[in-house]
Amino acid sequence: MRVLLFTGKGGVGKTTLAAATAARLAAGGHKALVVSTDPAHSLGDALGAPLTSAPAEVEGANGLYAAQIDARGLVDGAWQELRGHLHTVLAGAGVDELDAEELTVLPGVEELLALAEVERAARLGPWETVVVDCGPTAETLRLLALPEAFAGYLERLFPTHRRVVRGLLAGVAGSATVEKWDAAAEALGRLAVRLEALRDLLVSPEHTSVRLVLTPERVVAAETRRTLTALALQGIRVDGLIANRVLPDLGAGGRGAAAQWLRTRRGEQDAVLAELHEATDVPVRIVEHRAAEPVGVPALLELAAELYGEGDPLAGADRPPLVSVSGGGRGLEARYELHLALPLLAESSVDLARVDDDLVVTVDGRRKLVALPAVLRRCEVTGAAAGTEGLTVRFRPDPRLWMR
């Protein structure tokens, strides 16, 4: 099973390219599902077919299925039960009724449930590939961070060792309250399992990757490069960039003001693409601006032919792991380097801190806790360096800890 997530700045054409990729896969004999988690659904418009929240085969395209996830419906359905159970847990812990009501209205729950629905479809459906039309970049970054954040919230609210909490509850409440707690524990336990499965899927380089769509403009390219860093920080693989709406190259042909404008604009686009190639080793595919908007499966297949040529739409660049360790030596003379594969910009703001057995990495306001490998937990940080290839943190054994 492969999951391809398409995202990019609003208006760059990610929906059309996601639909074209899925159509190409289906035409090649794969069973493919293309699904939209973007609240501003336009996937049905690109396919030229009416869509619902239930996956259905697109007429005239054998093996191509499509759906638009109804996040609001998921909230009104499954979340109401879970919210009731959360309310029970909070009330049982002594939280005021009004506070418990407010605490169970969680920001981002619609997006989280939509992403969980994608994971469920990938796990249970007959499809070999699930192509996801995500929302604009900023929303997608928040969306992809939600499973980890929400799981942390759930763990603090509902510890794994819930039997201790249950014993305390039984000591101060009757059996009816304990029964409610057990029902809440079971429901929230199911949610925790789904969140863990979702996180595992997102950070699995063998199963999931992101395609970033951009138009060759400096503002858009700068956002794309920041997104590369943010996704790497989350441990999510980006296997390709797609530069969309590149103007045709007129060469020396064509005269007049319009032709000159096109040559000038194409020159600016080429300059942006050259800078992008220099800044990252992630492969960039090019799609030229088309005179007619590609709507419907036949037009999408033509677009996919330009995008992928004779190549495999699933092929993409392998990325190094987020964390790697090198070095060694004997006893207190050992020296180690921890490398974080983060594609940093020259203007990136980077901050590092050591908290117990974690390294806290903050890049441009986005924070990640990196669990230190066992060999580094008894070491102290001696220095760090940042570059376009990422961060390198130097360690040596801490005499106070090494002798324990």
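Predicted model: local features only at pLDDT ≥ 70, side-chain atom pairs only at ≥ 80, totals over all residues.
Val3 is a handy place to begin, as it stands opposite Thr208 in strand 6.

How do the two helices meet each other? Two packed helices are described by the angle between their axes and the distance between the axes. Helix 1 (residues 14-27) and helix 11 (residues 297-308) have their axes 8 Å apart and pack at an angle of about 90 degrees. That angle makes helix 1 roughly perpendicular to helix 11. On the helix 1 side, the residues that meet helix 11 include Thr16, Ala20 and Arg24, while Leu300, Ala304 and Tyr308 are among their counterparts in helix 11. Sorted by type, the residues of this contact are 12 nonpolar, two polar and one charged.

In soluble globular proteins, nonpolar side chains tend to be buried together. Here, the largest nonpolar core holds 79 residues, and Phe6, Leu47, Leu64 and Leu241 have the most contacts inside it. Helix 1 supplies the largest share of this core, with eight residues.

Which residues does Leu47 touch, leaving aside those up to four places away in sequence? They are Ala19, Val34, Val58, Leu64, Ala66, Gly296, Val297 and Leu300. There is also a second, separate core of 19 residues, with Tyr336, Leu338, Cys379 and Val393 among its members.

Another open sheet is made of four strands in the order 9-10-15-14, and here the pairing is antiparallel. Its edge strands are strand 9 and strand 14 (379-387), each pairing on one side only. On average, neighbouring strands of this sheet are turned by 20 degrees against each other, direction ignored.

Strand 9 (residues 323-328) pairs with strand 10 (residues 335-340) over six bridges, and Gly327 has Tyr336 of strand 10 as its bridge partner. These two strands form a hairpin with six residues between them, and Gly329 in the turn has a positive phi of about 130 degrees. At the other end of the strand order, strand 14 is joined to strand 15 (residues 390-397) by eight bridges, and Gly387 stands opposite Gly390 in strand 15.

## A buried leucine in a loop

Leu372 is found in the loop between strand 13 (366-371) and strand 14. Is Leu372 buried or exposed? Buried means under 20% relative accessible area, and Leu372 counts as buried because its relative accessibility is 1%.

Residues up to four places away in sequence aside, Leu372 touches Leu338, Arg354, Asp357, Asp358, Leu359, Arg377 and Phe395. Asp356 is 16 residues from Leu372 along the chain, and the C-alpha atoms of the two are separated by 9.2 Å.

Technical notes:
Residues numbered from 1 in each chain as written. Heavy atoms only, no water. Pairing = 2+ DSSP bridges. Axes fitted to C-alpha atoms, helices over the stretch in contact; angles between N-to-C directions. Parallel < 35°, antiparallel > 145°, perpendicular 65-115°, else oblique. Contact = heavy atoms within 4.5 Å. Nonpolar A, V, L, I, M, F, W, Y, C, P; charged D, E, K, R; others polar. Core = buried A, V, L, I, M, F, W, Y, C linked by side-chain atoms within 4.5 Å. Buried < 20%, exposed > 50% of the residue type's maximum accessible area, 1.4 Å probe, protein only.
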